Amino acid sequence: MPLNTISDDDFSRLVKFIHGQYGIDLSQKRQLVTSRLSSLVTQQGFSSFTPFLDKLLKKQDQGDMELVLNRLTTNYTFFMREQEHFQFFEKVVLPEMIRRHQRDKVLAIWSAGCSSGEEPYNISMYIKDYLGAQAPQWDTRVLATDISQKALASAKKGIYELPDTIPPHWKKRYFVPVKGTQQYAVAPIIRGNVIFQTFNLMDPIKFRLKFDIIFCRNVMIYFDQPTKDALVRRFYDATVPGGYLMISHSENLGKDAPYQTVAPSTFQKR
């Protein structure tokens, strides 16, 4: 069978495996699968999808799986994405969390599906700005997780071309120019406030603390409704009472979601 097509059987077993392992719904993405994976099949020395999938599903090699996932999903993000969320975070959520944690001075924030790291670094900049001189007294480290080792490696480097939307005082305070390039490195004060970790959102959520706020934006677009519903329930159980969940403006929760809507794409555990 030519590489620009995939048999019904091969497509079915790939869809079933990817959904079961990672929650990603490819059932309506046959053309995307063939177009995105054909070159990978050739690069690995196979003349059709069948032997490629035989190897992939039998060995389940982490490196091979990541190559496939990187082809099928888009690790695309940028600083100041969906700024309305950050404005709500700055004006409503942060003041509320700071009041709530005056005694223990610990904030629990999760960037779930952090991709190349802009989101958790952005969150940290808002926190440092808000706390000002008090910041050293607080533990505000952001947990940032992704399933992609490649994305996490890029995030840990923390080197970016900055958009015009970055406030000038942030550019000066929170970034260091990379000599001889147009790029900037995230400053140590921000880099040290983010903990990067590999995590599959299909796994049980068993972190040490429950979260004051969970950012999970532009991740659930890949999931079918039952998978989203189950993940949102796990998020809810991992959120403190009064805590928040933020998803992207292009996503929605199911009608039976346990959170209450408090702002566009922003939900609270009452």
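Let's start at serine 111. Its bridge partner in strand S7 is phenylalanine 215. Serine 111 also stands opposite alanine 144, in strand S2. The strand and helix labels are DSSP runs numbered from the N terminus, with H or I of at least four residues for helices and E of at least two for strands.

A word on the source. This is a predicted model, where local features need pLDDT of at least 70 and side-chain atom pairs count only at pLDDT 80 or more, while totals for chains, interfaces and linings use all residues. Residues are numbered from 1 along each chain as its sequence is written, and side-chain values use heavy atoms, with hydrogens and water left out.

Back to strand S1. S1 and S7 pair in the parallel sense over 3 bridges. S1 and S2, residues 142-146, are also parallel, over 4 bridges. From S1 the chain crosses through H6 to S2, and this β-α-β crossover is right-handed. Right-handed means that, with the strands pointing away from the viewer, the path from the first strand over the helix to the second runs clockwise. Pairing means that DSSP finds at least two bridges between two strands.

Which way do the S1 residues point? Ile109 and Ser111 go one way, Trp110 and Ala112 go the other, and all are buried. Buried is under 20% relative accessible area, exposed is over 50%, and partly exposed is in between, with a 1.4 Å probe and protein chains only.

Next, helix H5, residues 83-100. It has 18 residues, and its end C-alpha atoms are 24 Å apart. At 1.5 Å a residue it should span 26 Å, so the two agree. That expected span is 1.5 Å times one less than the number of residues. H5 has a kink of about 45°, centred on phenylalanine 89. The bend at a residue is the angle between axes fitted to the seven residues ending there and the seven starting there. Phe89 is also one of the buried residues of H5, along with others including His85, Pro95 and Glu96. What do the buried residues of H5 pack against? Helix H6 (118-131), plus strands S1 (109-112), S7 (211-215), S8 (239-246), S9 (260-263) and S10 (266-268). Contact here is heavy atoms within 4.5 Å.

Now the cysteines. How many disulfides are there? The count is 0. A disulfide is a pair of cysteine sulfur atoms within 2.5 Å. The sulfur of cysteine 114 is 11 Å from its closest cysteine sulfur, in cysteine 216, so it is too far for a bond. Both cysteines are buried: cysteine 114 has 2% relative accessibility, and cysteine 216 has 0%.

Two backbone spots to look at. Glutamine 60 has a phi near 50°, positive in a residue other than glycine. Glutamine 60 lies in the loop between H3 (49-59) and H4 (62-72). At 39% relative accessibility, glutamine 60 is partly exposed. Asparagine 218 is not a glycine either, and its phi is about 60°. Asparagine 218 sits in the loop between S7 and helix H10 (225-237). Asparagine 218 is buried, at 17%.

Last, a second piece of strand pairing. Strands pair through backbone hydrogen bonds, either parallel or antiparallel. Here, 3 strands form an open antiparallel sheet in the order S3-S5-S4. S3 (159-160) and S4 (175-177) are at the edges with a single partner strand each, so one side of each has no neighbour in the sheet. S4 and S5, residues 184-186, pair over 3 bridges. Within that pair, proline 177 stands opposite tyrosine 184.
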